[in-house]
Amino acid sequence: MSHASDTLVIGVIGAPYGVKGWVKITSHTHELDGVFAYTPWLLGQVQEGKQYVVDQWRTHNKGLVAKLVGVETRDDAESIKNLEISIKAEQLPQLADNDFYWRELVGMQVVTEQGYSLGVVKELFETGANDVMLIKANLNDAFGQKERMVPYLLDQVVKQVDRQAKTIKVDWDPAF
């Protein structure tokens, strides 16, 4: 893939494990071993296009270790240490119409039901109760806000997400 936005990072290659090319894996997926549900992996700079396939993997203590095809020695494993594990976006499963990947929401314009632009979604994160959108406010925000945190609660706060227009309509007080 030529565009970083067409890929997403799902983990990182760690230190070599043993002398036969195994490496430690840090997974960024919801389930620890979810990183192995996707193949092939793109390692390092996505523009290089070098793909790797997992030959074997297992849990080790509270982490993961894996053997990749073509990584046969400790030196081979050392050469890929600290590289990000990316996959192509199209490898993700299709979601229902009302479900969204967070990566789809980042960059969308957030507008109140009254038409006031709150800004652009900068990131999303989990809290104990619900997911939250961190919104970077517009430079000329009438309420002097630089950022806003708005709960991502469908039907309660988030009223509509329009993929084509890249907008999220919310029931939210801009002064809050």
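This is a predicted model: local features need pLDDT of at least 70, side-chain atom pairs count only at pLDDT 80 or more; totals for chains, interfaces and linings use all residues.
Local features were considered only at pLDDT of at least 70 and side-chain atom pairs only at pLDDT 80 or more, whereas totals for chains, interfaces and linings use all residues. Residues are numbered from 1 along each chain as its sequence is written, and side-chain values use heavy atoms, with hydrogens and water left out.

A salt bridge was assigned where a side-chain nitrogen of Lys or Arg lies within 4 Å of a carboxyl oxygen of Asp or Glu. Under this criterion, the count is 5 salt bridges. Accessibility is given as relative accessible area, with buried denoting under 20%, exposed over 50%, and partly exposed the range in between (1.4 Å probe, protein chains only).

Glu 104 and Arg 163 form one of these salt bridges, with the closest N and O atoms 2.8 Å apart. This pair links distant parts of the chain, the two residues being 59 residues apart. Glu 104 belongs to helix H2 (residues 102-105), while Arg 163 lies in the loop between strand E12 (158-162) and strand E13 (167-170). Helices (H or I, at least four residues) and strands (E, at least two) are DSSP runs, numbered from the N terminus. Glu 104 is partly exposed, at a relative accessible area of 24%, and Arg 163 is likewise partly exposed, at 31%.

Asp 141 pairs with Arg 148 in a salt bridge whose closest N and O atoms are 2.9 Å apart. Both Asp 141 and Arg 148 are buried.

A salt bridge also joins the side chains of Lys 67 and Glu 72, at an N to O distance of 3.4 Å. Lys 67 is buried, with a relative accessible area of 8%, whereas Glu 72 is partly exposed, with 46% relative accessibility.
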